[in-house]
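Dear colleague,

Please find the structure below, handed over for your review.

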Amino acid sequence: MIKRVVVVGGGFAGLWSAAAAARARDELGLTEEIVITLIAPDPFHAIRVRCYEADLTPVAVPLDNVLGPINVGRIEGTVTKIDASGRHLAVQCPGRPGSLTLEYDRLILALGSVLSRPAVSGIDLAFDIDTLSGARQLASHLGDLGRDAVGLDQTGCWTAIVVGGGLVGIELACELPARLAAARDQAGGTGPVRTVLVDRSAEVGSPMGGAAMPAIRQALAAAGVECISGTGVAAIDPTGAALSDGTYIPALTVVCATGMRANPLAEELGVARDARGRLPVDALMRVTGVPAVFAAGDVAVATADEAGHQTVMSCQHARPMGRFAGYNAVCDLVGRPDLCLRFAAPDYVTVLDLGAWGAVYTSGWDRDRLVADGAAAKVTKRLINGSRIYPPPSRDGAAILAAAAPIIQARPATTG
């Protein structure tokens, strides 16, 4: 009898869940007995952590290039309902009336996260780089700036405001001055460009920890980014933004980089979630209290090490969580709990891109150890943003399955 493993989500966790499930299926010799299907709204896997870059060409990886060689099916659509008791999903597919009902024997939720926009007037006018679609809209907007004479003369035409001074906001802010200058020059405009980074914290970048702050300050200054800390945005309109301290900044470009929350579809399972909406999972990536459902990536929270640190919403944890979820879901499905592997990710690092200045690379859960900065850290960041996070570049199924091994301090699971 055919058994079905369904993966929801085509991001880092979803892609690697599907690949790891295929690996387990292959190792167990069950290629004819287990069908693996991935559901995602787009036909590509987006390298989300690169959406701040000017060149978005390499950011979209066709899912079929990875899934096809390892015999994983794909449905282009959006899951709208999860019936955990009946073990089926409702899927809305483009161009198809009504919903497709899809049954599963094991479900892996890798839904990712969504941008958490603050409740301020006009917030929907702000761009974002939370998705590849959003990043493309921002790129298109920058290319259109100053296309007419009125635009060239409009106050704030070459000014951008980034709302949120976290990692995404800093990476984008460091890139925007050069991107604005290129747009101005292409349009034949004049005058200086201006990028303003607004954050409620006492100092922009402070969540990165003290070891990284000197590098962040230097890089933002070198890029010409103005930092306004200790305040937020109160309202946005088509010509600019009003800050909570009453200041109004004319700007035709406002970008929201205000953090993430787990995909709201996680609410469908009816279990208690953490403050960021994430589903609790055990060391095997099983959702607590929901039989036959696993979760990985930004939609889930797991214990990462023996000290009790929890996983963060980052590809650094999404990829290994996905590998463990996929592998364990298949082992659990065929009644081989002895083969399941317990997740562990005791080492934590952060590499923050800082534009032309370079990058900063820290180690430790408190980001308290500076590993490298400047050009040396930039080499590491480019490596991570390139081959380290891509699936194998060829369509070699064996290479993809090999890369899907859940190897981060994996250890045999105890029963139960």
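The structure, which is a predicted model, contains zero disulfides. In general, a disulfide is a covalent bond that joins the sulfur atoms of two cysteines. Two of the cysteines may be described individually. Cys93 has a relative accessibility of 12% and counts as buried, because buried means under 20%. Cys157, at 2% relative accessibility, likewise counts as buried.

**A three-stranded sheet**

Three strands make up an open sheet, arranged in the order β6-β7-β8, and their pairing is antiparallel. The edges are taken by β6 (78-83) and β8 (100-103); each has a single partner strand, so one side of each remains without a neighbour in the sheet. From one strand to the next, the twist averages 30°. As a general point, the strands of a sheet pair through backbone hydrogen bonds, in either a parallel or an antiparallel manner.

Strand β7 covers residues 88-92, and five bridges connect β6 and β7 in the antiparallel sense. Among the residues involved is Ile82, whose bridge partner in β7 is Leu89.

**Confidence of the prediction**

The protein has a mean pLDDT of 93, and 95% of its residues reach 70 or more. Over residues 408-416, however, the pLDDT is below 50. In the model, this stretch has 24 contacts beyond near neighbours in sequence. I would ask you to keep the confidence values for residues 408-416 in view when you read that part of the model.

With kind regards

Note on methods
Residues are numbered from 1 along each chain as its sequence is written. This is a predicted model: local features need pLDDT of at least 70, side-chain atom pairs count only at pLDDT 80 or more; totals for chains, interfaces and linings use all residues. Side-chain values use heavy atoms; hydrogens and water are left out. Two strands pair if DSSP finds at least two bridges between them. Helices (H or I, at least four residues) and strands (E, at least two) are DSSP runs, numbered from the N terminus. Axes are lines fitted to C-alpha atoms, for helices over the stretch in contact, and angles run from 0 to 180 degrees between N-to-C directions. pLDDT is the predictor's confidence in each residue, from 0 to 100. Contact means heavy atoms within 4.5 Å. A disulfide is a pair of cysteine sulfur atoms within 2.5 Å. Buried means under 20% relative accessible area, exposed over 50%, partly exposed in between (1.4 Å probe, protein chains only).
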